[in-house]
Amino acid sequence: MKNVTKFLALVMVLFATQSFAQTKLGHINMQELVALMPERDSAVIKLENYAKELEETMQGMQQEFNTKLQTYQQKNATWTAAILEAKTKELEEMQQRLQMFNQNAQQEMAQLQQSLFAPVYEKASKAVEKLGTEGGFTYILDLSAGGIIFKGASSTDLLPDAKKELGIPASKTKPTQLGNQEQGAAE
């Protein structure tokens with residue numbers, strides 16, 4: 001039984017070695033490719049504009065709350081119990097609305113981010129898949145996903161071809177800083 005197991009293990013190693021010798025590897029940094037795409041730039045602008053609108057609304061609500069809180073603090077000693085109770089309840093409700101607005105705004109931002117960046121990543125993925133098919137690659141590794149410890153000379157960098165496929169000028173380089181907005185979209 002041990003000999004059969006050893007034999008099968010040896011056959012598997014030989015088969016794996018033979019298969020790997022015929023493997024054509026490529027690599028690309030998908031984050032860099034997406035960062036170069038014009039669609040990404042317009043998505044970032046839309047996301048930033050929406051975030052600005054939400055921030056302005058939140059600031060207006062916060063300012064209204066602060067004004068009522070200041071009035072409450074100045075006059076609460078002179079109010080009757082009924083007025084004090086009504087004003088306290090009003091402030092609590094406003095604070096709850098602020099919290100709900102903040103939570104909803106974060107959810108809406110995440111949804112908008114997903115809806116804006118999903119087509120960008122899909123377009124980039126399709127371009128890389130097309131290059132992989134046309135180039136006869138067995139595997140294309142994404143360097144931005146990490147996990148690559150060694151990249152030998154037999155691996156082909158597909159970023160220049162992907163840039164060409166997507167109509168991105170060869171001279172265009174990755175922005176120095178990716179927007180935080182798209183970090184979660186890739187996941």
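Visitor: Where in H4 does the kink of about 30° lie?

Guide: The kink lies at Phe117, shortly before the proline Pro119, where the bend at a residue is the angle between axes fitted to the seven residues ending there and the seven starting there. Keep in mind that this is a predicted model, in which local features need pLDDT of at least 70 and side-chain atom pairs count only at pLDDT 80 or more, while totals for chains, interfaces and linings use all residues. Residues are numbered from 1 along each chain as its sequence is written, and side-chain values use heavy atoms, with hydrogens and water left out.

Visitor: OK, and how many residues does H4 have?

Guide: Helix H4, residues 81-135, has 55 residues and reaches 80 Å from its first C-alpha to its last, close to the 81 Å expected, the expected span being 1.5 Å times one less than the number of residues. Just after H4 comes Gly136, which takes a positive phi of about 70°.

Visitor: Stepping back, how many helices and strands are there in the protein?

Guide: The protein has five helices and three strands, and from the N terminus on its elements run α-β-α-α-α-β-β-α. Both kinds are DSSP runs numbered from the N terminus, with helices (H or I) of at least four residues and strands (E) of at least two.

Visitor: In what order do the strands form the sheet?

Guide: The order is S2-S1-S3, in an open sheet with parallel pairing, where two strands pair if DSSP finds at least two bridges between them. Strand S2 (139-142) and strand S3 (155-157) each have a single partner strand and stand at the edges, so one side of each is left without a neighbour in the sheet.

Visitor: What about S1 and S2, over how many bridges do they pair?

Guide: S1 and S2 pair over four bridges in the parallel sense, and the bridge partner of Ile28 in S2 is Asp142.

Visitor: New topic: is Gln22 buried or exposed?

Guide: Gln22 counts as exposed because its relative accessibility is 59%; buried means under 20% relative accessible area, exposed over 50%, and partly exposed in between, with a 1.4 Å probe and protein chains only. Gln22 lies in the loop between helix H1 (2-21) and strand S1 (25-28), and its C-alpha is 8.7 Å from that of Thr138, although the two are 116 residues apart in sequence.

Visitor: And which ring does the charged end of Lys24 sit over?

Guide: The charged end of Lys24 sits over the ring of Phe137, 4.5 Å from its centre, the rule being that NZ of Lys or CZ of Arg is within 6 Å of the ring centre and within 35 degrees of the ring normal.
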